[in-house]
Amino acid sequence: MFRELREDIRAVFDRDPAARSFWEVLTCYPGIHALIMHRLAHWLWGHRLRWMGRFTAHLSRMLTGIEIHPGATIGRRFFVDHGMGVVIGETAVIGDDVTLYHGVTLGGTSWNKGKRHPTLENGVVIGAGAKVLGPIIISAGAKVGSNAVVTKAIPAGATAVGNPARILDNTEQGRQRQAQAEKMGFSAYAVGRDQDDPLAKAIHGLLDHAAETDRRLASLVKELEAQGVKCDKDVQQADSFDPQYLSKIVD
């Protein structure tokens with residue numbers, strides 16, 4: 001137990017630059033407190049002391065703002081940063097070296113018994129406010145961006161953002177950028193400067209194309225009119241097209 005605690009505290013130093021001392025982490029980090037109490041609650045739950053397990057988890061929730069069902073399985077070096085509002089369901093399975101930020105929900109989508117919560121494999125990072133729902137697998141090294149809503153499995157090493165969550169660029173160039181980012185330090189909140197919602201990117205591309213088409217048509221009409229060809233006869237005037245305004249709406 002004490003060996004696991006030392007590993008958990010070292011994991012905080014690896015992933016939180018604000019951590020200054022062993023004593024500070026042990027006494028002031030609610031994620032560590034919640035993890036210690038969960039290990040006790042999970043032991044009680046596994047020895048069929050269900051009420052005591054639930055009551056221990058309830059006390060942990062009151063003290064830390066982090067709700068972990070005692071039936072949830074959590075691996076080594078698990079880190080919850082800030083922690084307030086985190087909810088982890090009964091059948092959730094979390095691997096080693098996983099990081100969750102505040103407001104994360106590992107929830108279910110069914111009232112049926114059995115496996116109904118997500119499985120997070122080793123090295124997964126879930127950004128602030130993200131919701132991962134259902135008995136899906138978030139494969140090793142995957143990242144979920146802040147406020148994403150994930151209801152489908154995510155492959156290893158991929159990054160998902162948006163609502164509903166969509167997989168970002170997983171090409172060789174994208175992997176090289178990610179590797180370089182990891183050399184420079186931990187990617188906080190599982191987001192980066194190039195991780196816009198793919199749907200928003202597609203809409204912006206369409207708007208850019210429409211704006212360019214509109215510009216070319218206006219140029220063509222101007223040239224025809226210069227040649228004496230009237231182009232506005234029996235043509236209904238359309239509303240003005242403002243791509244900048246539409247882009248702001250998309251953002």
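**Close-up views of a predicted model**

View 1. The structure, a predicted model, contains one cavity of 30 Å³ or more. A cavity is defined on a 1 Å grid over the protein atoms alone, as a set of points where a 1.4 Å probe fits but cannot get out. The volume of the largest cavity is about 40 Å³, a volume being the space filled by probe spheres set on the points, with grid points joined across faces, edges and corners. Its lining is made up of Ala34, Met37, His38, Ala41, Ala57, Ser60, Ile66 and Ile68, where lining residues have an atom within 4 Å of a point. Helix H3 (30-46) and helix H4 (50-64) are the elements that give two or more residues to this lining, and H3 gives the most, with four residues. By residue class, the lining of the largest cavity comprises six nonpolar, two polar and no charged residues; Ala, Val, Leu, Ile, Met, Phe, Trp, Tyr, Cys and Pro count as nonpolar, Asp, Glu, Lys and Arg as charged, and the others, Gly among them, as polar.

Residue numbers start from 1 along each chain as its sequence is written. Local features need pLDDT of at least 70 and side-chain atom pairs count only at pLDDT 80 or more, while totals for chains, interfaces and linings use all residues; side-chain values use heavy atoms, without hydrogens and water.

View 2. Over residues 3-35 the chain is 79% helix and 0% strand, with helices (H or I, at least four residues) and strands (E, at least two) taken as DSSP runs numbered from the N terminus. The end C-alpha atoms of this segment are 14 Å apart.

**View 3. The five-stranded sheet.** An open sheet with parallel pairing is formed by five strands in the order E1-E4-E7-E10-E13; two strands pair if DSSP finds at least two bridges between them. Strand E1 (67-68) and strand E13 (149-150) are the edge strands, each pairing on one side only. Within the sheet, three bridges join E7 (residues 105-107) to E10 (residues 131-133), and Leu106 has Val132 as its bridge partner.

**View 4. The six-stranded sheet.** Six strands, in the order E3-E6-E9-E12-E14-E15, form an open sheet with mixed pairing. Strand E3 (79-80) and strand E15 (166-167) each have a single partner strand, so one side of each is left without a neighbour in the sheet. E6 (residues 99-100) and E9 (residues 125-126) run parallel and are joined by two bridges, with Leu100 opposite Ile126.

How values were computed: On a 1 Å grid over the protein atoms alone, a cavity is a set of points where a 1.4 Å probe fits but cannot get out, and a pocket is an open set with protein on both sides within 12 Å along at least five of seven lines; lining residues have an atom within 4 Å of a point.
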